[in-house]
Amino acid sequence: MDKLKNVLSGQDGNDDLNVLQAANEASTLGWGTRVKGFVACFVSGVLCSVLGTCLLWLPRTGLTLFAVFYSVGNIASLLSTMFLMGPLKQLKRMCDKTRALATGIMITCLVLTFCAAFWWKIKGLALLFCILQFLAFTWHSYQKRLLRSYKK
């Protein structure tokens, strides 16, 4: 009832922040559970990437399967780090000034890989987007370290 009164009186300005804080507090995990989640996501990501590489050599559908499994592996690897530092902190780091461009390119290439594999059905383009995913993911991972080394 108090929420309804606040909404009707126009005092519900920072409700989005409260929802994010409530979601963050509700999703707190113990350290052991975080490590298990990290290992499970990371191992499944690596297995998907390796499986995709093995499927690359299949005739006709190999390149499409490679693109899909490689992209799913990258998504799982990204999700694995969310277990260690939490989803909000991970999103803040991904959108940090030094990593925003790399994150944008990485997510765009992930989406374009699926589009090239399923919608446009251009296998060479899917492979190109997978290569760009790898480069953007590597750039994203080493962005802070590279900047620190240039500042010294």
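Let's start with the side chain of Q133, which makes a polar contact of 2.7 Å with the side chain of T113. By polar contact I mean a pair of N or O atoms within 3.5 Å; within protein, one must be able to donate a hydrogen and the other to accept it, and residues adjacent in sequence count only if both atoms are side-chain atoms. The Q133 side chain has a polar contact with the side chain of S71 as well, at 2.9 Å.

A word on where these numbers come from. This is a predicted model, in which local features need pLDDT of at least 70 and side-chain atom pairs count only at pLDDT 80 or more, while totals for chains, interfaces and linings use all residues. Residues are numbered from 1 along each chain as its sequence is written, and side-chain values use heavy atoms, with hydrogens and water left out.

Back to Q133. You'll find Q133 in helix α7, residues 123-151. Helices here are DSSP runs of H or I with at least four residues, strands are runs of E with at least two, and both are numbered from the N terminus. Is Q133 buried or exposed? Q133 counts as buried because its relative accessibility is 1%; the cut-offs are under 20% relative accessible area for buried, over 50% for exposed, and partly exposed in between, with a 1.4 Å probe and protein chains only. Setting aside neighbours within four places in sequence, Q133 is in contact with Y70, S71, N74, M106, C109, L110 and T113, where contact means heavy atoms within 4.5 Å.

Now to another residue of α7, H140. H140 has a relative accessible area of 6%, so H140 is buried too. Its side chain makes a polar contact of 3.4 Å with the side chain of T103. Not counting residues up to four places away in sequence, H140 touches M94, R99, A102, T103 and M106.

Let's zoom out. The protein has 7 helices and 0 strands, and the order from the N terminus on is α-α-α-α-α-α-α. Of the 152 residues, 28% are buried. Among contacts between residues at least 6 apart in sequence, 64% join residues at least 24 apart. The protein exposes about 10400 Å², and carbon and sulfur atoms supply 70% of that; these areas come from the Shrake-Rupley method with a 1.4 Å probe, and for residues, only the protein chains shown count as cover.

What does UniProt list as "transmembrane region"? The entry, which is unreviewed, gives residues 37-58, 64-88, 100-119 and 125-142. UniProt positions are in the numbering used here, feature names are shortened, and annotations may be inferred rather than shown by experiment. In the model, residues 64-88 are 96% helix and 0% strand, with end C-alpha atoms 33 Å apart. Residues 125-142 are 100% helix and 0% strand, and there the end C-alpha atoms are 26 Å apart.

Next, helix α3, residues 31-55. With 25 residues, α3 reaches 36 Å from its first C-alpha to its last, close to the 36 Å expected at 1.5 Å a residue; the expected span is 1.5 Å times one less than the number of residues. The buried residues of α3 are R34, G37, C41, G45, C48, S49, G52 and L55, and they pack against α4, residues 62-85. Take G37: at 11% relative accessibility, G37 counts as buried. G37 and M82 sit 45 residues apart in sequence, with 9.1 Å between their C-alpha atoms.

On to the largest nonpolar core. Which residues make up this core? There are 9 in all: L63, F66, A67, Y70, A116, A117, A126, F129 and C130. The elements giving two or more residues to this core are α4, α6 (100-119) and α7, and α4 gives the most, with 4 residues. A nonpolar core is a set of buried Ala, Val, Leu, Ile, Met, Phe, Trp, Tyr and Cys residues joined through side-chain atoms within 4.5 Å. Leaving aside neighbours within four places in sequence, A116 is in contact with K121, I122, L125, A126 and F129.

And that brings us to K121, in the loop between α6 and α7. K121 is not a glycine, yet has a positive phi of about 55 degrees. K121 counts as exposed because its relative accessibility is 63%.

Last one: R60, in the loop between α3 and α4. Phi of R60 is near 70 degrees, again a positive value in a residue other than glycine. At a relative accessible area of 75%, R60 is exposed.
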